[in-house]
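Subject: Structure handover

Hi,

Here is the structure for you to look through.

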Amino acid sequence: CRFISKSDVQNWPLVGTLATAGGTLYIERSSRRDALRMVHDMQAALAQGQVLAVFPEGTTGDGRQMLPFHANLLQAAIGADAPVQPVGLRFVDAQGATSFAPSYIGDETLLGSIWRTLCADALVAQVHFGAPERAQGRERRAFSDALHARVDALRQSL
């Protein structure tokens, strides 16, 4: 699958090279015009049968609660009538408790986040896949709200 990422990632050492080689589509988040370009690029990729991975929160959080979804990131799926598969993700430690070691928020550095993740004892990523959903006539904000609730439920059920 191809990821959608902020344009800054393209310039990160090693990560940017790997992401670009993997076909990542980059968006300049501060530009409304670029957001429109990205919707067109995503819709074209979906029409070609490509699989796109989007984190609709548009940024990283600490994992305690989900941030609001950016509905515009779902417009391409609506335009292409492509299914969206909600996915819940949670990290747990050796005792099964939620781990926040992989967090990457605020003033944290990428290197610090990677270091904490690598040093965490028996860290496991739990992933729960929901059934693919289509907009079925819902406008993007309503579709986004429904998907947000579904992803949060999947995340909580892990």
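Below is what turned up, topic by topic.

This is a predicted model: local features need pLDDT of at least 70, side-chain atom pairs count only at pLDDT 80 or more, and totals for chains, interfaces and linings use all residues. Residues are numbered from 1 along each chain as its sequence is written, and side-chain values use heavy atoms, with hydrogens and water left out.

Two labelling points before the details. Helices (H or I, at least four residues) and strands (E, at least two) are DSSP runs, numbered from the N terminus. Buried means under 20% relative accessible area, exposed means over 50%, and partly exposed is in between (1.4 Å probe, protein chains only).

**Sheet**

Strands of a sheet pair through backbone hydrogen bonds, either parallel or antiparallel. Here, two strands count as paired if DSSP finds at least two bridges between them. An open sheet of 3 strands runs in the order S2-S1-S3, with parallel pairing. S2 and S3 are the edge strands, each with a single partner, so one side of each has no neighbour in the sheet. S1 and S2 run parallel and are joined by 3 bridges. Ile4 has Leu25 in S2 as its bridge partner.

**Nonpolar core**

A nonpolar core is a set of buried Ala, Val, Leu, Ile, Met, Phe, Trp, Tyr and Cys residues joined through side-chain atoms within 4.5 Å. The largest one has 21 residues. Ile4, Leu25, Met38, Met42, Leu46, Leu52 and Leu147 touch the most other members. Strand S2 (25-27), helix H2 (32-47), H3 and helix H5 (140-156) are the elements that give two or more residues to this core. H2 supplies the largest share, 6 residues.

Take Leu147 as an example. Contact means heavy atoms within 4.5 Å. Leaving aside neighbours within four places in sequence, Leu147 is in contact with Phe69, Leu74, Val84, Pro86 and Glu133.

**Aromatic rings**

How many aromatic pairs does a search of the whole structure find? There are 2. Rings of Phe, Tyr and Trp (its six-membered ring) pair if their centres lie within 6.5 Å; planes under 30 degrees apart count as stacked, over 60 as edge-to-face and the rest as tilted.

Phe3 lies in strand S1 (residues 2-6) and Phe55 in the loop between strand S3 (52-53) and helix H3 (75-79), so the pair ties together parts 52 residues apart in sequence. Phe3 is partly exposed at 39% relative accessibility. Phe55 is exposed at 52%.

Trp12 and Tyr104 form an edge-to-face pair, 6.2 Å centre to centre, with 80 degrees between the planes. This pair links distant parts of the chain, 92 residues apart. Trp12 is in the loop between S1 and helix H1 (15-21), and Tyr104 is in the loop between strand S4 (87-92) and helix H4 (110-119). Trp12 is partly exposed, with a relative accessible area of 22%. Tyr104 is partly exposed at 22% relative accessibility.

There is also a charge over a ring (NZ of Lys or CZ of Arg within 6 Å of the ring centre and within 35 degrees of the ring normal). Arg64 lies over the face of Phe100, at 3.9 Å from the ring centre.

**Val92**

Val92 is in strand S4. Is Val92 buried or exposed? Val92 is buried, at 4% relative accessibility. Not counting residues up to four places away in sequence, Val92 touches Ala97, Thr98, Ser99, Ala122, Leu123, Val124 and Gln126.

**Cysteines**

A disulfide is a pair of cysteine sulfur atoms within 2.5 Å. By this rule the count is 0. Cys1 is exposed at 59% relative accessibility. Cys119 is partly exposed, at 48%.

**Positive phi**

Asp81 is not a glycine, yet its phi is positive, near 50 degrees. Asp81 sits in the loop between H3 and S4 and is partly exposed, at 48% relative accessible area. Gln136, also not a glycine, has a positive phi of about 50 degrees. Gln136 is in the loop between strand S5 (124-129) and H5, and is exposed at 71%.

Best wishes
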